[in-house]
Every structure is written in structure tokens, then in C-alpha cells.
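Please open the model in your viewer and keep the sequence panel beside it. The tour moves from one selection to the next and says what is there at each stop.

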Amino acid sequence: MKKKKTKHRGSRSLRATGNRDVQFKVLYCGVCHSDIHMIKNDWGFAHYPMIPGHEIVGVVTEVGSKVHKFKVGDNVGVGVIVDACRKCDQCVNDLENYCPERIDTYNGVLPDGSLTYGGYSDIMVADEEFVIRWPDNFPMDKGAPLVCAGITTYSPLRYYGLDKPGLHVGVAGLGGLGHVAVKFLKAFGTKVTVLDISPDKKSYAIDTLGADGFILSNRPAEMEAAAGTLDGILDCVSVVHSLQGLLDLLKPHGKLVVVGLPEKPLELPIFSLTLGRKMMGGSMIGGLKETQEMIDFAAKHNILPEVEVISMDYINTAMKRLARGDVKFRFVIDVGKTLKAD
């Protein structure tokens with residue numbers, strides 16, 4: 001096979017637009033908490049050099065000759081993955097995110113051994129099958145984190161059946177993931193209780209997001225008073241924490257679903273699971289079909305993350321603030337206006 005020529009992007013190279021590729025100018029890119037873990041190699045599988053970013057939105061500037069879904073000028077998004085094998089059971093069932101050969105948007109290794117680079121950059125190229133169509137008149141700056149934070153919360157709520165009106169669902173951790181989860185749950189028609197260690201978040205959770213309750217998870221009396229009241233909990237906490245108290249909040253047969261990714265393993269209280277026939281599960285983003293469904297649902301219900309838009313040269317400061325939880329609730333880089341060309 002003839003090797004495609006590449007275009008240079010700063011000190012990194014960008015592959016030429018193939019027959020089925022979409023090239024787009026990056027306008028905004030969200031800053032995910034996982035970017036910190038990846039940069040620091042907290043999980044042990046980082047590759048360098050690295051260009052982070054997997055909450056990417058922009059406008060199409062070029063399409064390959066066999067692209068049928070997009071045209072120049074379309075608004076698009078790219079999330080956490082940019083390829084998969086497309087033939088395994090997971091791919092056939094629109095679950096490319098669980099394909100064992102999936103390729104991540106950044107820190108992924110391509111078949112030729114080269115690395116993928118993310119959205120902290122001016123231009124992206126991706127196969128059209130892994131590009132999301134952005135809804136008309138849906139804000140791109142606030143909406144960018146949805147292609148990661150949105151699908152990370154939407155998918156498990158749907159899969160584990162926590163999207164049914166009348167259920168009482170808890171959201172642990174009112175941060176970048178948690179506040180989006182509350183918005184989806186309220187749109188689904190569920191009763192929502194937020195669990196967090198910060199009393200300062202109570203007013204925002206109830207008065208702004210419309211949560212029905214708020215529990216300080218570091219206060220035993222409040223946790224004990226709510227024991228056995230929740231049908232499910234979406235655990236969005238991305239630091240090491242105890243699962244015991246969360247499991248105690250569940251009704252018998254309740255579900256604890258973990259989507260936060262701490263840097264170290266969590267302890268699993270087996271007795272709390274078995275005595276109430278409770279279930280614990282996990283989830284990792286979603287397939288491309290479901291991601292498009294999520295974006296369309298968010299646009300219909302005006303579900304948008306709370307963001308702080310920053311310039312590219314502020315990213316190092318933003319990373320430090322994110323590490324200490326000093327953001328409400330997601331940083332988004334204005335790439336289109338602030339990334340300076342070499």
C-alpha cells in the first residue's frame with residue numbers, strides 16, 4: 001500500500017485526508033479529567049509525545065471522495081475513539097467503544113505504529129464513521145464536553161435502566177460528569193439526589209440543576225438517614241473513595257454504576273453487595289450510534305454542561321486548577337481563536 005503523505009501540525013504530523021476521511025478545523029476542545037491522568041501516566045499506558053483532547057468540535061474543511069455523511073461546512077464532533085476493528089461482536093452491535101482493537105482519539109497506536117493526536121490542535125482528520133453530526137443551532141463551546149462527559153453518563157443510565165420516570169437515582173460527585181448526569185436524569189423524569197463532600201454545592205444542585213435532594217457524603221449522620229432509599233447510583237468520583245457508604249444507600253436489588261476513573265483501585269465491600277442482592281457495574285463512554293443519539297437528545301432538551309472557556313495558552317494553569325477541583329465544571333479551550341500558528 002502506498003503510504004499517504006502527511007501535513008505538518010506544529011511539531012507533529014497529520015495524515016492526509018483519505019477517501020473515507022473527514023478533515024475539520026477544530027474550534028473548541030474540552031479538557032477532561034482523564035487528560036491529567038494520561039499526561040502524568042497515572043494508569044501506566046501513556047505514550048509520548050502526546051497531544052491530549054477528546055472532546056472536539058469544529059467545522060469540516062475537506063472530505064474524502066467516498067465520504068457520504070458530511071460535506072464541507074458541516075459542524076461535527078469527535079469523541080474518545082477514532083477507529084475500531086468493525087467486525088467483532090461489539091462493533092457489529094454498535095458498541096465500538098468495547099472493541100478490543102479500538103483506537104483512542106489520542107494516545108492510540110495506529111497499525112503502522114504511529115500515534116494518534118487529540119484536539120488540543122488546529123486540525124483533525126477522522127474516518128467519517130467516527131465523526132458525530134452536530135445539531136443545528138446547538139452551542140459548540142458549551143456542548144463540546146458532551147462527546148465525552150455526556151456519553152459517559154448517558155450510556156450507563158440507559159443501559160442499567162436508571163432512566164425510568166419515578167426511580168430515585170443518586171449522583172455521587174457533582175463535578176464535570178456529575179452535573180451532566182443530573183441534567184440527563186431530570187430530563188428522563190427521575191427523582192435525583194446528589195452526593196458530594198462540598199456543602200457549597202448544595203444550592204447549585206437543588207436551585208440550579210433541580211436536584212430533589214443533597215447529601216453530604218462525608219457526614220455519617222446524613223448518609224445513615226438516607227440508607228436504603230435509592231434505586232441506583234451513578235458514581236462519578238474520579239479520586240480514591242469508599243464504596244461502602246454508597247452501597248448502603250441502595251435499596252435491595254439496587255445498582256451502583258461506576259464511571260469515575262480513580263488513579264488507584266477501589267476496595268469492594270462484598271457483604272454489602274450480597275446481603276441486599278445489589279449490583280455493581282461500570283461503563284465506558286458509548287458507541288457512535290448511541291453518541292449521536294445522546295447529542296440529539298441533549299439538543300432537544302437543551303442539556304449543556306457548565307463550562308469555563310479558556311485560551312490555549314492558559315492550559316497549564318487550567319490543568320493545575322482541574323487537579324484541585326477549581327473549575328465549575330468543565331474547561332473548554334477556544335482553539336479556533338487562540339491557538340497560535342507556528
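The stops below cover the nonpolar cores, a helix pair and some backbone details.

The model is predicted, so local features need pLDDT of at least 70 and side-chain atom pairs count only at pLDDT 80 or more, whereas totals for chains, interfaces and linings use all residues. Residues are numbered from 1 along each chain as its sequence is written, and side-chain values use heavy atoms, with hydrogens and water left out.

**Nonpolar cores**

Select Leu 174 and Phe 184, the residues with the most contacts inside the largest nonpolar core, which has 58 residues. A nonpolar core is here a set of buried Ala, Val, Leu, Ile, Met, Phe, Trp, Tyr and Cys residues joined through side-chain atoms within 4.5 Å, where buried means under 20% relative accessible area, exposed over 50% and partly exposed in between, with a 1.4 Å probe and protein chains only. Among the elements that each supply at least two residues of this core are helix H4 (149-159), helix H5 (178-188) and strand E11 (191-196); helices (H or I, at least four residues) and strands (E, at least two) are DSSP runs numbered from the N terminus. H5 gives the most, with 6 residues.

Now show the surroundings of Leu 174: leaving aside neighbours within four places in sequence, its contacts include Val 182, Val 194, Tyr 204 and Phe 329, contact meaning heavy atoms within 4.5 Å. A second, separate core of 31 residues can be picked up through Cys 29, Phe 70, Leu 115 and Val 335, which it includes.

**Helices H4 and H5**

Next, select H4 and H5 together and look at where Ala 149, Gly 150, Thr 153, Tyr 154, Leu 157 and Arg 158 in H4 meet Val 180, Ala 181, Phe 184, Leu 185 and Phe 188 in H5. By class, this contact has 8 nonpolar, 2 polar and 1 charged residues, with Ala, Val, Leu, Ile, Met, Phe, Trp, Tyr, Cys and Pro counted as nonpolar, Asp, Glu, Lys and Arg as charged, and the others, Gly among them, as polar.

**Backbone details**

Most residues other than glycine have a negative phi, and most peptide bonds are trans. With that in mind, select Tyr 48 and Pro 49, whose joining peptide bond is cis with omega near 0°; Pro 49 is in the loop between helix H1 (33-39) and strand E4 (56-63). The bond from Lys 328 to Phe 329 is also cis, with omega near -10°.

Finally, go to His 253 in strand E14 (residues 250-258), a residue with a positive phi of about 75° although it is not a glycine.
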